[in-house]
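My notes follow in the order I made them.

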Amino acid sequence: QVQLVESGGGLVQAGGSLRLSCVASTSISSINTMEWYRQAPGKQRELVATITSGGSTNYVDSVKGRFTISRDNAKNMVYLQMNNLKPEDTAVYYCRATVVVGAARHYWGQGTQVTVAS
């Protein structure tokens with residue numbers, strides 16, 4: 001079982017920055033993939049960024065060049081640095097961990113609200 005807690009959300013003006021944090025209850029070095037998702041009102045949850053245990057990253061096109069995902073294995077933390085925020089980035093942001101031991105198991109945090117004012 002992996003418990004995840006997100007923090008760092010808030011209200012920011014367009015063009016501003018926020019850094020989201022996700023702390024895991026277990027060593028993230030044992031977690032295959034850490035991801036950030038977001039869900040805007042009335043929309044489906046969307047994968048925003050991925051980082052593997054090897055450090056490879058991937059982003060949805062709409063955030064490339066603006067968002068950066070990183071991990072600190074020593075602190076069991078994953079971060080999402082968000083720069084040049086836009087109103088369309090407004091959503092609840094969720095951290096997800098995937099552990100593959102035979103089958104893949106996914107664990108979610110409770111989410112943190114990000115609101116970007118125009």
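The entries below go from ground rules to strands, then to the disulfide, the core and a single residue.

**Ground rules.** I am working from a predicted model, where local features need pLDDT of at least 70, side-chain atom pairs count only at pLDDT 80 or more, and totals for chains, interfaces and linings use all residues. Residues are numbered from 1 along each chain as its sequence is written, and side-chain values use heavy atoms, with hydrogens and water left out.

**Entry 1, the sheet.** I looked up the strand order first. Strands here are DSSP runs (E, at least two residues), numbered from the N terminus. I found an open sheet of four strands in the order β1-β3-β8-β7, with antiparallel pairing. Two strands count as paired if DSSP finds at least two bridges between them. The edges are β1 (4–7) and β7; each has a single partner strand, so one side of each lacks a neighbour in the sheet. From one strand to the next, the twist averages 15°; the axes behind such angles are lines fitted to C-alpha atoms, and angles run from 0 to 180 degrees between N-to-C directions.

**Entry 2, strand β8.** I then checked both partners of β8. Six bridges join β3 to β8 in antiparallel fashion, and I noted Leu20 opposite Leu80. β7 and β8 form a hairpin with four residues between them, and Asn76 in the turn has a positive phi of about 55°.

I searched the whole structure for disulfides (cysteine sulfur atoms within 2.5 Å) and found one. It joins Cys22 to Cys95, with S to S at 2.1 Å. The link is left-handed, with -80° about the S-S bond. Cys22 is in strand β3 and Cys95 in strand β9, 73 residues apart, so the pair links distant parts of the chain. Cys22 is buried at a relative accessible area of 1%, and Cys95 is buried at 0%.

A nonpolar core here is a set of buried Ala, Val, Leu, Ile, Met, Phe, Trp, Tyr and Cys residues joined through side-chain atoms within 4.5 Å. The largest one has 31 residues, of which Leu4, Met34, Trp36, Leu80, Met82 and Tyr93 touch the most other members. The elements giving two or more residues include β3 (18–24), β5 (46–52), β8 (77–82) and β11 (112–117). β9 gives the largest share, five residues. I listed the contacts of Met82 (heavy atoms within 4.5 Å); beyond four places in sequence, they include Leu18, Leu20, Phe67, Tyr93 and Val114.

Is Glu35 buried or exposed? Glu35 counts as buried, at 8% relative accessibility. The residue lies in strand β4 (residues 33–39). Its side chain makes a polar contact with the side chain of Thr50 at 3.4 Å. For that term, I used a pair of N or O atoms within 3.5 Å; within protein, one must be able to donate a hydrogen and the other to accept it, and residues adjacent in sequence count only if both atoms are side-chain atoms. Leaving aside neighbours within four places in sequence, Glu35 is also in contact with residues including Leu47, Tyr94, Cys95 and Arg96.

Conventions
Buried < 20%, exposed > 50% of the residue type's maximum accessible area, 1.4 Å probe, protein only.
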